[in-house]
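Please keep the structure in view while reading.

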Amino acid sequence: MNSPPERLSVAVEPGRERTRVRVSGEIDMDDAAEAREDLATALDASPGGLDIDLAAVTFCDSSGLHVLLDLNQQAVEAGKTLVLSALSRTVVRLLDVTGTQGVLTIQDQPASDGPPPEDRRPEVAKGRTGPVCPTDFRIRTRRCGPTVHLAFAGELDDESRSALDGVRENLDGVDVVACDLEQLTFLDVAGLRGLLAFAGRLDEHGIAFFAYNWQPQPRSLLHLVDSAKPAVGRGGPTRMLRRLQCSAATARAAGAARAQQDAPQAAERPTH
């Protein structure tokens, strides 16, 4: 029988210079707004900033992480600091998977002995299915003239990203690589770096790379990385993986603009 979810609790202890906040329970999409409001109020009232104790957080998904990232930015803009003074193993895993340890200030102390991350995985890891051990990663390849179609299946992580090297070695005479990610069930930061390096090397050789059918967990990781790290040039760090998405958005915007421009002309035409 599953135990009921632990209710979110935010305990605030104001101090002369800094405010200590203890957060416990689960921070997910349903509770993120409440956590954001409580923490923002505490930050506004504190002269120096917040020391946030997350040792009793049993579950935190990308919604909770966005609360911390946004709050950290608010603190910086206000000339204050936000420090994570203690972390549960669940939060440690979330920061590790999303590569956001270097964005937030974390006090150097061991994580609490809360439930291991395998007991309650954060949202960014919910794409995994079955046992905790990694599943096989496979790449199916189909070539149509100068275009190669790739289909990823399984989990792309530090152990499996080397599979991309074998694909890159067999792309002579190729102009376009189209990658179907419908069956990519999990992507971690190491796998994302491998995919970015793969797309970057293709670009260096004049080969266009397009990825489509992004699933929720990999797409969530892209959003987290782009929101956590400063943009380089036009777009975020993962912009090379979003070309098809950006092209579609540009086409829709252009179509909407043309429709709006043509509307007055259509209204002026005489009816017979």
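A polar contact is taken here as a pair of N or O atoms within 3.5 Å, of which, within protein, one must be able to donate a hydrogen and the other to accept it. By that criterion, aspartate 188 caps the N-terminal end of helix 5, with a side-chain oxygen 3.2 Å from the backbone nitrogen of alanine 190. The model is predicted, and the values below are computed from it.

**Overall figures**

- The protein contains seven helices and nine strands, and 43% of its 272 residues count as buried.
- Of the contacts between residues at least 6 apart in sequence, 72% join residues at least 24 apart.

- Strand 4 (residues 81–87) pairs with strand 5 in the parallel sense over two bridges, and leucine 84 has isoleucine 106 in strand 5 as its bridge partner.
- Strand 3 and strand 4 also pair in the parallel sense, here over six bridges, and the bridge partner of aspartate 51 is valine 83 in strand 4.
- Because six of its seven residues are buried, strand 4 is largely enclosed by the rest of the structure.

- An open sheet with mixed pairing is formed by four strands in the order 6-7-8-9.
- At the edges of this sheet stand strand 6 (138–144) and strand 9 (208–212), each with a single partner strand, so one side of each is left without a neighbour in the sheet.
- With direction ignored, neighbouring strands of this sheet are turned by 20° against each other on average.
- Strand 8 (residues 176–187) and strand 9 run parallel and are joined by five bridges; aspartate 180 has tyrosine 212 in strand 9 as its bridge partner.

**Helix 2**

- Aspartate 61 caps the N-terminal end of helix 2, with a side-chain oxygen 2.9 Å from the backbone nitrogen of serine 63.
- Helix 2 (residues 62–77) has 16 residues and reaches 23 Å from its first C-alpha to its last, which is close to the 22 Å expected at 1.5 Å a residue.
- The buried residues of helix 2 include Leu65, Leu68, Leu69, Asn72 and Ala75.
- After helix 2 comes glycine 79, whose phi is positive, near 75°.

**Helix 5**

- The end C-alpha atoms of helix 5 (residues 189–204) are 22 Å apart, which agrees with the 22 Å that its 16 residues should span at 1.5 Å a residue.
- Buried residues of helix 5 include Val189, Leu192, Leu195, Phe198, Ala199 and Leu202.
- An α-helix has 3.6 residues a turn, so residues three or four places apart point the same way.
- Just after helix 5, glycine 206 takes a positive phi of about 75°.

Definitions and conventions
Residues numbered from 1 in each chain as written. Predicted model: local features only at pLDDT ≥ 70, side-chain atom pairs only at ≥ 80, totals over all residues. Heavy atoms only, no water. Expected span 1.5 Å × (residues − 1). Buried < 20%, exposed > 50% of the residue type's maximum accessible area, 1.4 Å probe, protein only. Pairing = 2+ DSSP bridges. Contact = heavy atoms within 4.5 Å. Axes fitted to C-alpha atoms, helices over the stretch in contact; angles between N-to-C directions.
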